[in-house]
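The exercises that follow ask you to read a model step by step. Keep the sequence and the structure open while you work, and try each task before you turn to its solution.

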Amino acid sequence: MLKQRITICIPRLFGEKQREHFSEKGVKENIKEIKDNEEGRGGGYMNVLVSMCLLGTYCRYSGERKEDAGVLSLLKKEGLTLIPVCPEQLGGLPTPRLPAEQKDGRVFDKGGTDRTEEFEKGAREVLRLAKLYGCKAAVLKERSPSCGSNVVYDGSFGGVRVPGDGVCAGLLKRNGIAVFGESETKELLRFLEETGQEETGAL
Ligand code: SF4
């Protein structure tokens, strides 16, 4: 009876194309298409963390953003999903906020307040999300005291660069997540190709 009703309703409600879509053959084709797409994505989805400010979110200490064309172009990459994070906001800091830099293993804002706790909390939150989404890599804002990788500022607020990682970038690296800056999107893509197309491991 139900089948009869559906058979009557579908032709009335939908056009020829939709009827094909709902037919047994159409459903099978749709399932095949979904599977093919997943295989095209390498049998799984690649989730990559991204600094939110690089996507154009107004989350920087100054209340500004740092939209990056190269990072935005990653959104068009098939099989790649960007997971936006801002460790400083996740650590409970407001926007705008005073700029901060690392010194002697701590993080101080320009007013001299120790912000290490908030920075570490935000970094832990990002790591938790990275594990939840099975991220193997991250593309993070260069030179930030949270997101910077390999190079940060020296704590003098004088624009002096020194070797080192931001608090979040460092924690991610210590947990086996590869970190790339916004100027390294090509390297990121190469890394993703090389590391293979593993399915994301949700917790
Ligand atoms: S903490 Fe990272 S994501 Fe947030 S504004 Fe700073 S650089 Fe951007």
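A residue is called buried if 20 or more other C-beta atoms lie within 10 Å of its own, exposed if 12 or fewer do, and partly exposed in between, the C-beta atoms being placed from the backbone. The model is predicted, and for this reason local features need pLDDT of at least 70 and side-chain atom pairs count only at pLDDT 80 or more, while totals for chains, interfaces and linings use all residues. Residues are numbered from 1 along each chain as its sequence is written.

**Exercise 1. Describe the chain as a whole.**

Step 1: of the 203 residues of the chain, 32% count as buried. Step 2: the chain contains eight helices and eight strands, where helices (H or I, at least four residues) and strands (E, at least two) are DSSP runs numbered from the N terminus. Step 3: two residues are in contact if their C-beta atoms, placed from the backbone, lie within 7 Å. Among the contacts in the chain with a separation of 6 or more, 63% are between residues 24 or more positions apart.

**Exercise 2. Find how helix H6 and helix H7 are arranged, and which residues meet.**

Step 1: the axes of H6 (residues 116-132) and H7 (residues 167-174) come within 8 Å and cross at roughly 40°; such axes are lines fitted to C-alpha atoms, for helices over the stretch in contact, with angles that run from 0 to 180 degrees between N-to-C directions. Step 2: angles under 35 degrees count as roughly parallel, over 145 as roughly antiparallel, 65 to 115 as roughly perpendicular and the rest as oblique, and H6 and H7 are therefore oblique to each other. Step 3: on the H6 side, Phe-119, Glu-120, Gly-122, Ala-123, Val-126, Leu-127 and Ala-130 meet Val-167, Cys-168, Leu-171 and Leu-172 of H7. Step 4: these residues divide into nine nonpolar, one polar and one charged, given that Ala, Val, Leu, Ile, Met, Phe, Trp, Tyr, Cys and Pro count as nonpolar, Asp, Glu, Lys and Arg as charged, and the others, Gly among them, as polar.

**Exercise 3. List the surroundings of the ligand and sort them by class.**

Step 1: a residue is near a molecule if its C-beta atom, placed from the backbone, lies within 6 Å of it. Step 2: the residues around the ligand are Ser-51, Met-52, Cys-53, Cys-59, Arg-60, Cys-86, Pro-87, Glu-88, Lys-141, Ser-144, Ser-146 and Cys-147. Step 3: sorted by class, this shell has six nonpolar, three polar and three charged residues.
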